[in-house]
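My notes follow the order in which I checked things.

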Amino acid sequence: MATVDQREAGQDDPESEDEVYEVVDLTEYARRHQWWSRVFGNNSGPIAEKYSVATQLMMGGVTGWCAGYLFQRVGKIAATAVGGGFLLLQIANHSGYVQVDWKKVEKDVNKAKKHLKKKANKAAPEINTFIEEATDFIKRNIVLSSGFVGGFFLGLAS
């Protein structure tokens, strides 16, 4: 709590010009205090410089297996939902509950194909940048990446 003398001198006054504030550059702070530096150590640079080949293969393999396993499970659920919906639509059509204008469906599908072909020829610059960054990451961390791919295929197979 401020004393009477401090208040009279204007030291506790919010409008006082004598207050000193510390300016913190958050971008520099974030570079120096990254969460992975606390977990894995203060080394920086590609992962190939930090860990042995066996460790990189294990880390890539485990994360790849987890991703492959989840991809397999989600894929099965999605395929079941789409296939089941299509089956129910065919049953409803055959029973007379739903009338489908197949000529209109074909016309709309062809229109969508043309639109997609037009859009596919000019890819967004963000996609090209992402592909370049991903390719650069894979080149710098080839052992980790190959472990991930192997683990992914094992996860799909399990």
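The entries below go from the whole chain to single helices and then to single residues.

**Entry 1. Ground rules.** This is a predicted model, so I note that local features need pLDDT of at least 70 and side-chain atom pairs count only at pLDDT 80 or more, while totals for chains, interfaces and linings use all residues. Residues are numbered from 1 along each chain as its sequence is written, and side-chain values use heavy atoms, with hydrogens and water left out.

**Entry 2. Whole chain.** I looked up the secondary structure and found seven helices and zero strands. Helices (H or I, at least four residues) and strands (E, at least two) are DSSP runs, numbered from the N terminus. Along the sequence the pattern reads α-α-α-α-α-α-α. The accessible surface is about 13,600 Å², and 63% of that belongs to carbon and sulfur atoms; areas come from the Shrake-Rupley method with a 1.4 Å probe, and for residues only the protein chains shown count as cover. Of the 158 residues, 11% count as buried. I use buried for under 20% relative accessible area, exposed for over 50%, and partly exposed for in between (1.4 Å probe, protein chains only). I then checked contacts, meaning heavy atoms within 4.5 Å. Among those between residues at least 6 apart in sequence, 68% join residues at least 24 apart.

**Entry 3. Helix α4.** This helix covers residues 53-95. It has 43 residues and reaches 61 Å from first C-alpha to last, close to the 63 Å expected at 1.5 Å a residue. The expected span is 1.5 Å times one less than the number of residues. I listed the buried residues of α4 as Q56, G60, G61, G64, G68, Q72 and A92. What covers them includes α7. After α4 comes G96, with a positive phi near 95°.

Entry 4. Which residues make the nonpolar surface patch of about 310 Å²? I found L87, L88 and I91. Patches take residues with over 30% relative accessible area and no salt bridge; like charges are joined within 9 Å, and nonpolar side chains (Val, Leu, Ile, Met, Phe, Trp, Tyr) within 5 Å. I91 lies in α4 and counts as partly exposed because its relative accessibility is 46%.

**Entry 5. Helix α7.** I checked the length of α7 (residues 142-157): its 16 residues should span 22 Å at 1.5 Å a residue, and its end C-alpha atoms are 23 Å apart, which agrees. Its buried residues are L144, S145, G147, G151 and G155. They cover an arc of only 155° around the axis, so they sit on the same side of α7. The arc is that of the directions from the helix axis to the C-beta atoms. The buried residues of α7 pack against α4 and α6 (125-140). On the face turned away from the buried side I noted the exposed residues I142, F153 and A157.

Entry 6. S145 counts as buried because its relative accessibility is 12%. Leaving aside neighbours within four places in sequence, S145 is in contact with F137 and I138. I142 counts as exposed, at 51% relative accessibility. I142 and L57 are 85 residues apart in sequence and 9.7 Å apart in space, C-alpha to C-alpha.

**Entry 7. Salt bridges.** How many salt bridges does a search of the whole structure find? I found one. The term means a side-chain nitrogen of Lys or Arg within 4 Å of a carboxyl oxygen of Asp or Glu. The side chains of R140 and D136 meet in a salt bridge at 3.4 Å, N to O. Side chains of opposite charge can pair when their charged atoms come close. R140 and D136 are four residues apart in helix α6, so about one helical turn separates them. R140 is partly exposed at 42% relative accessibility, and D136 is partly exposed with a relative accessible area of 40%.
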